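Welcome! Please take a moment to look over the sequence and the 3D structure before reading on.

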Amino acid sequence: MAVQSSMNETVEFDDSALANQLFGPHNAHLDLLAVASGARITSRGARILIESSDADVRQVLCNVFVQLYELLRGGLVLSQQDFARAYEMLRADPGLNLSQIFRDAVFVNTPRKTVTARNVAQRTYLDLLRRHELVFAVGPAGTGKTYLAVAMALSMFQQHKVKRIVLTRPAVEAGERLGFLPGDLAEKVNPYLRPLYDALHDMMPQPKVASMMEVGSIEVAPLAFMRGRTLNDAFIILDEAQNTTQEQMKMFLTRMGFGSRMVVTGDITQIDLPMQPGGQRPRSGLIHALNILPDVPGLAVHRFSKADVVRHPLVGAIVNAYDNAEKDGTAS
């Protein structure tokens, strides 16, 4: 319950133990939101006092605390980053129901992980993944493009909606040379596929992943290995699609068979395609596809922005710094 005065808002809670969870250890959550909002936030018992000359800021903070308290009461575990995201979301849309965001889950039935939408953009993305056979997800690093796609793939596999999962990336060298790496071709390209393995291992125990790969239920392979195949009853994810050529993108999209779903993820600001003779870089197959395919029935395009980054807060700050440097022409 919120009590208002000229520059202050007081929010009182009926459960002191839950209130302490809300405040965080040594009021860490309150301090985080104080920095984000510019308000002074203190606690006494199960009560929060918000001091700010900006009535909108006070109202948003009250909204944040009341809604997150109810989520904690419902058994949801919240991290520090959840508090920061909640404030940003409610500041942008004061009428937002956080419960609909944080409880919109892709259930992966393993002891390790239940994956949930962390913001409005991710919730929209999950809806598109459920409803469309082919989804393009474009945006900066840290927005959950690939991670959520892998979670949806595992969820649909466990629901027997698909019979296998195929994860692929173009083996484009980001400033390195494959020829200098030891091993055969599979061993050389394995480091480029590691982010896909990381997502799998975060959601399932490693022995389970290994057994599913052994029987062919999960396949992780470079894009070149997709040529000449038709993939039926599969959930297929192409990661780092900005590093495909137009020919590779067409080849990949035409691998889709009956009963299959495809997700294409990429960041068009991080194209690492090698220069061709003459000093020209080939056009990204992802950019080309986004230009010619949006009106194809059954296809959806979802665009994340830097505001949707949900990794460590430093990742968002780094993305912003690089974007600003490019706009100002200060990058060298």
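Predicted model: local features only at pLDDT ≥ 70, side-chain atom pairs only at ≥ 80, totals over all residues.

We begin with a sheet of 6 strands, then visit the helices α6 and α7, and finish with S217 and L71.

**The sheet**
- The open sheet has 6 strands with parallel pairing, and their order is β9-β8-β10-β11-β7-β12.
- Look for β9 and β12 (299–303) at the edges: each has a single partner strand, so one side of each has no neighbour in the sheet.
- On average, neighbouring strands of this sheet are turned by 15° against each other, if direction is ignored.
- Strand β8 (residues 164–169) pairs with β9 in the parallel sense, over 5 bridges.
- You can pick out a bridge yourself: I165 has I218, in β9, as its partner.

**Helix α7 and its neighbours**
- Helix α7 lies across β7 (134–138), β8, β9, β10 (234–238) and β11 (261–266). It runs at about 170° to β10.
- Helix α7 (residues 145–158) also packs with helix α6 (residues 120–131), at an angle of about 40° and with the axes 11 Å apart.
- That angle makes α6 oblique to α7.
- The crossing of α6 past α7 is right-handed.
- On the α6 side, the contact is made by Q122, Y125, L126, L129 and R130; on the α7 side, by K145, L148, A149, M152 and M156.
- Sorted by class, the contact of α6 with α7 has 7 nonpolar, 1 polar and 2 charged residues.

**Residue S217**
- You will find S217 in the loop between α9 (206–214) and β9 (218–222).
- Is S217 buried or exposed? S217 counts as buried because its relative accessibility is 15%, and the cut-off for buried is under 20%.
- Leaving out residues up to four places away in sequence, S217 touches F157, K163, R164, I165 and M212.

**Residue L71**
- L71 lies in helix α3 (residues 55–73).
- With a relative accessible area of 3%, L71 is buried.
- Which residues is L71 in contact with, leaving aside its neighbours within four places in sequence? They are L76, L98, S99, F102 and R103.
- L71 and L22 are 49 residues apart along the chain, and 9.9 Å separates their C-alpha atoms.

Terms used
Residues numbered from 1 in each chain as written. Heavy atoms only, no water. Helix = DSSP H or I, 4+ residues; strand = E, 2+ residues; numbered from the N terminus. Buried < 20%, exposed > 50% of the residue type's maximum accessible area, 1.4 Å probe, protein only. Contact = heavy atoms within 4.5 Å. Axes fitted to C-alpha atoms, helices over the stretch in contact; angles between N-to-C directions. Parallel < 35°, antiparallel > 145°, perpendicular 65-115°, else oblique. Left-handed = near helix turned anticlockwise from the far one by under 90°. Nonpolar A, V, L, I, M, F, W, Y, C, P; charged D, E, K, R; others polar. Pairing = 2+ DSSP bridges.
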